[in-house]
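User: I am new to this structure and would like to know what stands behind the words used for it. Could you take me through a few of them?

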Amino acid sequence: MVQIIRKAQLPNPSEVVERLGPVAAQAHSIRLREPRPAGFPLLFTADLQIIEPAVAFLHEHFVQRAHTAETLRTYAEILYDWFETLEQNAVRWDDADAVDLMAYRNRMVLQPSGHTGRPYQVSTINHRVRGVLRFYEWAVRTRWLDASPLAGRSHDFALARQQRPARAESMRGADHSLFVLRQFEPLPRPLVSEQARELLATLPPPYDLMARWQIYTGLRVSELLRLGVKDVTGRRASAASHHTIDVTRKGRKPGYVIASASLLDETAGYLSGHRRAWLQRALSKGRGVRPTALFINARGAPVGKNAYQRVISRAGQACGFKATTHLLRATFACMLLARLEQLASQGAAINPLLVVKVLMGHERIETTDRYLRAIAVDACVLKEVLDTLLSGTQ
């Protein structure tokens with residue numbers, strides 16, 4: 001069985017090298033690259049042969065291209081699942097072709113996940129298939145393979161369905177290949193003012209304040225969790241109603257959000273109240289070091305992504321509606337876009353989509369366009385969104 005071994009778990013390097021031997025289906029000599037960050041994953045076969053092309057792929061994307069640790073984990077999981085499937089079917093990775101990839105895809109369609117026991121979502125299946133195609137494109141481009149049936153031939157499998165010109169340029173050819181299942185992505189539906197107020201009132205600290213940050217600024221969860229105390233306390237005293245907060249966007253790109261003075265005042269109250277009390281209690285019990293993260297839990301440790309998402313989901317269930325962290329972000333986008341569209345219709349010289357694109361940290365305008373379609377398809381939702389903006393959700 002294919003194994004993922006983190007750097008910290010590796011045995012003595014000399015012992016590993018002695019046991020590796022030539023990598024199956026790979027003429028390259030082993031090139032263990034250093035430095036690798038702590039926790040960097042290494043993929044090994046059942047007989048402890050390192051899967052060097054997979055490690056090189058992960059190294060390039062994480063170290064050289066500076067992708068986030070979460071992206072590294074996702075890529076590693078995709079490659080782990082793919083190479084384990086190949087090993088179980090006695091298929092060499094450089095011999096894999098369209099039949100193998102379609103069999104891999106169909107297995108996920110027909111069988112539940114061995115990890116969760118639940119059926120795979122179409123988006124998950126497509127994400128893994130695209131990840132495999134991305135790996136083989138990279139392998140050919142970097143000369144790990146001279147050629148592959150899974151690289152550079154996506155147009156041979158193009159679907160007859162035509163794409164709009166604006167979207168065709170931004171979508172990769174492999175996304176429309178025979179390997180990818182047709183996927184109907186639901187449009188985001190924002191929380192209305194009553195739901196937002198009820199959810200915020202139900203959430204305990206610090207999750208209520210975290211949800212406010214997402215609703216009022218549109219931050220992704222990963223971006224929210226990267227906020228530090230210095231990010232929100234270094235501003236000068238000002239009578240301005242809004243302040244610019246620098247953030248690290250997805251893919252470690254620099255960006256910013258606009259935070260209201262009232263939101264920052266609430267955050268200052270949390271810092272001097274709950275956060276200080278939790279840290280003092282943690283220190284009195286001899287727990288850890290003072291974290292620099294803005295949001296910590298009652299034990300004095302930084303809030304984790306999974307814990308935050310669970311709290312939001314359970315609070316939504318208690319309120320009688322679905323709530324997710326992404327829905328909080330979508331609520332901000334729809335509210336802002338609805339208001340900007342209203343101002344534009346009254347003659348303001350603004351481009352609503354571009355403004356929302358920047359504040360949401362979207363890479364492509366097509367992503368932002370989904371929110372415009374979301375507020376256009378349901379007049380009742382649009383009315384509630386506008387009422388929320390005009391009356392406030394405080």
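Analyst: Happy to; here are some terms, each set against its cut-offs. This is a predicted model, where local features need pLDDT of at least 70, side-chain atom pairs count only at pLDDT 80 or more, and totals for chains, interfaces and linings use all residues. Residues are numbered from 1 along each chain as its sequence is written, and side-chain values use heavy atoms, with hydrogens and water left out.

User: Thanks! Why is arginine 212 called buried?

Analyst: Its relative accessible area is 16%, and buried means under 20%, exposed over 50% and partly exposed in between, with a 1.4 Å probe and protein chains only. Arginine 212 therefore counts as buried.

User: What makes glutamate 266 and arginine 212 a salt bridge?

Analyst: A salt bridge needs a side-chain nitrogen of Lys or Arg within 4 Å of a carboxyl oxygen of Asp or Glu. Here the N to O distance is 3.2 Å, so the pair qualifies. The two residues are 54 apart and link distant parts of the chain: glutamate 266 is in helix α11 (residues 261-284) and arginine 212 in helix α8 (residues 207-217). Helices are DSSP runs of H or I with at least four residues, numbered from the N terminus.

User: How do you know that arginine 143 and aspartate 146 meet in a salt bridge?

Analyst: Their N to O distance is 3.1 Å, within the 4 Å limit, so they do. Aspartate 146 has 62% relative accessibility, which is over 50%, so this residue counts as exposed. The structure holds nine salt bridges.

User: What makes Tyr256, Ile258 and Val358 a patch?

Analyst: Patches are made of residues with over 30% relative accessible area and no salt bridge; like charges are joined within 9 Å, and nonpolar side chains (Val, Leu, Ile, Met, Phe, Trp, Tyr) within 5 Å. Valine 358, at 42%, is over the 30% limit. Together the three residues have about 230 Å² of accessible area, computed by the Shrake-Rupley method with a 1.4 Å probe, where only the protein chains shown count as cover for residues. Valine 358 lies in helix α14 (residues 352-360).

User: How much of the protein is buried?

Analyst: Buried residues make up 43% of the 394 residues.
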